[in-house]
Structures are given as C-alpha cells and as structure tokens.
Amino acid sequence: MRVLGVDPGLTRCGVGVVEGVAGRPLTMIGVGVVRTPADAELGQRLVAVEQGIEQWLDEYRPECLAVERVFSQHNVRTVMGTAQASAVAMLCAARRGMPVALHTPSEVKAAVTGSGRADKAQVGAMVTRLLRLDAPPKPADAADALALAICHIWRAPAQNRLQQAVALHAATARKGRTA
C-alpha cells in the first residue's frame with residue numbers, strides 16, 4: 001500500500017509518502033512541505049496548497065490519502081487554516097476517486113510511539129527509526145506527515161475488517177426485517 005500522509009497547514013503543509021504493509025518494514029518514498037507565504041491572500045494560499053498536493057499525487061501515485069483530523073484548539077485562526085488546508089487535500093483526493101482516511105493527532109502518536117501524548121521530538125525519532133532514516137525529517141510537519149502515513153498503513157487492515165463486519169451486520173439485520 002502506498003499512502004500520502006498530509007499534515008495540513010496554510011504556512012507549512014507537511015507531505016510524506018510511505019509504502020508497505022502492516023507487519024513488514026516500511027519504506028519512505030518521499031517527504032517534504034508545501035509552503036505558502038503568510039502575507040498572501042487566503043484564496044491564493046489555498047490554490048498553492050492545492051497545486052502542491054496535486055504535484056505530490058501526480059508524482060508519487062498513492063493509493064490513498066491519510067490526513068490529520070482537525071481538532072479544537074484555543075487559537076481559532078490556526079484551526080481554521082488547518083481545516084481549510086485539510087479540506088483542500090481531501091478535495092484533491094476525492095477528484096481522483098482516492099480513499100481518504102482521517103486520523104487524530106493522538107491516534108497517530110499512539111500508533112507510532114506507543115503513547116498518544118508523545119511530543120514532536122518523540123514522533124520524529126520513531127519515524128526516523130521505523131523508516132530507517134539517517135535523521136528525523138525537518139521540519140516537524142514533514143515528520144508528522146510520514147507518521148500519518150505509517151499510522152494508516154498499520155491501522156487500515158483492522159479498520160477495513162471492522163467496516164466489513166458492520167456492513168455484514170447491517171445487511172443481516174435488513175434481511176431479518178424483510179423475512
């Protein structure tokens with residue numbers, strides 16, 4: 001499975017592509033950051049994020065997109081920019097018919113480090129170790145994007161089985177009502 005992880009942000013949108021399957025060593029295919037100038041008009045910044053994500057999708061051809069689920073912060077302005085960048089990434093994937101998975105920050109931290117309360121340095125260190133890199137990716141947004149991709153690769157099989165079980169249960173329940 002090849003996953004593009006996106007750590008959304010308007011100034012720095014982390015992107016990272018990881019390939020592999022759960023239970024096997026993973027491989028980093030690419031990592032970087034889509035940047036926009038803080039003094040640019042919002043619409044122009046969103047277009048720049050879209051163009052950057054589209055370039056990553058074209059170049060690396062991932063099978064799915066894993067995006068950090070936006071969570072409530074005290075700084076409304078920051079959360080709005082994050083939500084807007086997240087929506088742009090999801091739109092880019094949706095245009096291509098690509099599945100999108102949302103993972104919370106604590107879910108990603110727990111998957112990669114074993115603790116949902118890990119700090120950025122711990123996440124960077126584990127991403128470095130798991131992908132057998134020489135050094136943690138910089139800036140932290142890039143490492144976070146790789147962590148999102150890793151989290152999705154590891155969690156997708158279990159999530160798919162759960163979705164199949166729920167669908168089977170719903171189909172069985174419908175059949176029971178019509179009998």
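**Figure 1. Gly116 is partly exposed in a loop between two helices.**
With a relative accessibility of 29%, Gly116 counts as partly exposed (buried is under 20% relative accessible area, exposed is over 50%, and partly exposed lies in between, using a 1.4 Å probe and protein chains only). The model is predicted, so local features need pLDDT of at least 70 and side-chain atom pairs count only at pLDDT 80 or more, while totals for chains, interfaces and linings use all residues. Residues are numbered from 1 along each chain as its sequence is written, and side-chain values use heavy atoms, with hydrogens and water left out. The loop that holds Gly116 runs between helix H3 (105-113) and helix H4 (120-130); helices (H or I, at least four residues) and strands (E, at least two) are DSSP runs, numbered from the N terminus. Leaving aside residues up to four places away in sequence, Gly116 touches Ser106, Lys109 and Ala110, where contact means heavy atoms within 4.5 Å. Arg12 sits 104 residues from Gly116 in sequence, and the two are 23 Å apart in space, C-alpha to C-alpha.

**Figure 2. Helices H3 and H4 pack with their axes 9 Å apart.**
Here we look at the two helices on either side of the Gly116 loop. Two packed helices are described by the angle between their axes and the distance between the axes. For H3 and H4, that angle is about 50 degrees; axes are lines fitted to C-alpha atoms, for helices over the stretch in contact, and angles run from 0 to 180 degrees between N-to-C directions. This angle makes H3 oblique to H4 (under 35 degrees is roughly parallel, over 145 roughly antiparallel, 65 to 115 roughly perpendicular, and the rest oblique). H3 passes H4 in a left-handed crossing, meaning that the near helix is turned anticlockwise from the far one by less than a right angle; clockwise would be right-handed. On the H3 side, the contact is made by Lys109, Val112 and Thr113, and on the H4 side by Gln122, Val123, Met126, Val127 and Leu130. These residues divide into five nonpolar, two polar and one charged (Ala, Val, Leu, Ile, Met, Phe, Trp, Tyr, Cys and Pro count as nonpolar, Asp, Glu, Lys and Arg as charged, and the others, Gly among them, as polar).

**Figure 3. Gln122 belongs to helix H4.**
Gln122 has 42% relative accessibility and so counts as partly exposed. Ten residues away along the chain is Val112, and the C-alpha atoms of Gln122 and Val112 are separated by 9.1 Å.

**Figure 4. Helices H1 and H2 meet in a right-handed crossing.**
This view shows H1 (residues 42-60) and H2 (residues 76-95), which pack at an angle of about 40 degrees with their axes 9 Å apart. That angle makes H1 oblique to H2. From H1, the contact draws on Leu42, Leu46, Val49, Glu50, Ile53, Glu54 and Leu57. From H2 come Gln84, Ala85, Val88, Ala89, Cys92, Ala93 and Arg95. Sorted by type, the residues of this contact are ten nonpolar, one polar and three charged.

**Figure 5. Glu54 is a buried residue.**
Moving in on helix H1, we find Glu54. Its relative accessible area is 15%, so Glu54 is buried. With residues up to four places away in sequence not counted, Glu54 touches Cys92, Arg95 and Arg96.

**Figure 6. Arg61 and Arg132 have positive phi angles.**
Neither residue is a glycine. Arg61 has a phi of about 45 degrees and lies in the loop between H1 and strand E4 (64-68). With a relative accessible area of 57%, Arg61 is exposed. For Arg132, phi is about 55 degrees, and this residue lies in the loop between H4 and H5.

**Figure 7. A cis peptide bond joins Lys138 and Pro139.**
The omega angle of this bond is about -10 degrees. Pro139 is found in the loop between H4 and helix H5 (140-178).

**Figure 8. Five helices and five strands make up the pattern of the chain.**
To place the close-ups, step back to the whole chain. Along the sequence, the pattern reads β-β-β-α-β-α-β-α-α-α. Buried residues account for 41% of the 179 residues. The C-alpha atoms fill a box of roughly 65 × 35 × 35 Å along the principal axes. Of the contacts between residues at least 6 apart in sequence, 63% join residues at least 24 apart.
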